[in-house]
Amino acid sequence: MYNMSFSRIIASSTPRNRFIEKEQVDPFSLVADELSIVTKRLRSVVGSEVPKLNSAAGYFFKAGVEGKLICPMVLLLMATALNVSRHELPTDGVQKTLTQKLRTRQQRIAEITEMIHVASLIHDDVLDDADTRRGIGSLSFVMGNKLAVLTADLLLSRAYVALSTLENTKVLYINSYIYTHIHMQYDEERNEFSLEATQRCSMECYMQKTYYKTASLVSNSYKAIALLGDQTEEVAMLAFEYGKNLGLAFQLIDDILNFTGKLASLGKASLTDIQHGIITAPILFAIEEFPQLSTIVDRGFDNPTNIDTGGFVFSNIYKYDR
């Protein structure tokens with residue numbers, strides 16, 4: 001019953017004739033104006049009084065390198081879907097003010113989520129010794145690991161200051177899970193190397209790690225969007241599940257592109273997962289079809305030869321016309 005009602009909310013957020021007239025709608029175009037507002041606010045709130053730290057904090061928020069803003073986009077679309085029932089209320093001055101205030105608060109969640117997302121990317125690049133990100137040098141490569149870590153911590157602190165301005169205990173509590181899960185993901189990856197081969201090659205292990213890495217951020221932010229809109233707990237949990245599955249799907253695609261993509265399109269190096277000995281879904285699916293590949297995984301990737309062999313084999317399995 002809940003799935004049906006929630007689907008109707010999602011469907012009604014965009015006029016039906018749009019689905020008829022166009023097979024595909026650019027989701028960014030539906031919230032383009034708000035994304036511009038979010039981007040401008042992000043550039044204004046991430047600054048620091050320390051010149052070098054200020055430059056580092058704004059590194060990935062500058063025009064042209066702010067990324068695709070997928071997290072803010074999907075959050076604003078969810079806000080539109082969940083707020084659709086409010087559009088049916090009388091549009092008097094008071095109601096209009098309340099609606100605008102709610103939307104501003106939901107935009108704030110989009111800003112907070114993007115800050116946490118960028119902070120996690122910076123931490124990832126430090127841990128992975130990554131040279132590139134979003135088509136330019138990674139922050140750690142350009143400015144050093146120490147400043148990169150300080151910058152990521154600054155962004156997280158800015159995010160939680162922004163959270164406190166919402167004055168919503170439930171939303172603050174929900175977002176604390178995100179911070180915890182990001183660090184649990186780092187622990188999962190470090191502990192992965194001490195696991196037995198059967199555990200490392202477990203889809204369950206991969207999905208749990210992926211939830212911590214990507215899906216927790218989206219799902220909990222979706223839930224926060226719903227709660228700010230005074231939705232019921234049932235609808236908030238449906239939003240959470242929707243975000244969870246969206247986050248998992250996003251990471252699955254990202255893991256595939258790690259084998260099949262190129263630097264120009266990815267904005268970062270490919271085959272980094274296998275170089276760090278991280279088992280992802282493409283490897284697990286490949287082993288199911290070609291069990292002999294498990295020998296390469298079992299040997300590990302400490303030896304560069306194994307990395308080259310594994311990377312060549314797996315990337316060719318997932319090769320497609322690009």
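**A walk through the helices and cores**

Of the contacts in the chain with a separation of 6 or more, 73% join residues 24 or more positions apart, where contact means heavy atoms within 4.5 Å. What you have here is a predicted model, so local features need pLDDT of at least 70 and side-chain atom pairs count only at pLDDT 80 or more, while totals for chains, interfaces and linings use all residues. Numbering starts from 1 along each chain as its sequence is written, and side-chain values use heavy atoms, with hydrogens and water left out.

Let's start with the parts list: 18 helices and 2 strands. These are DSSP runs (helices H or I, at least four residues; strands E, at least two), numbered from the N terminus. Of the 322 residues, 46% are buried, meaning under 20% relative accessible area with a 1.4 Å probe, protein chains only.

Now for the inside. The largest nonpolar core holds 56 residues; such a core is a set of buried Ala, Val, Leu, Ile, Met, Phe, Trp, Tyr and Cys residues joined through side-chain atoms within 4.5 Å. Helix α7 gives the largest share of this core, 10 residues. Ile 109, Ile 116 and Ile 122 have the most contacts inside the core. Leaving aside neighbours within four places in sequence, Ile 109 touches Leu 75, Leu 163, Leu 166, Val 171, Ser 221, Ala 224, Ile 225 and Leu 228. Another core, of 12 residues, lies apart and includes Ile 274 and Val 297.

How far does the predictor trust all this? Mean pLDDT (its confidence in each residue, from 0 to 100) is 81 for the chain.

Technical notes. Buried means under 20% relative accessible area, exposed over 50%, partly exposed in between (1.4 Å probe, protein chains only). pLDDT is the predictor's confidence in each residue, from 0 to 100.
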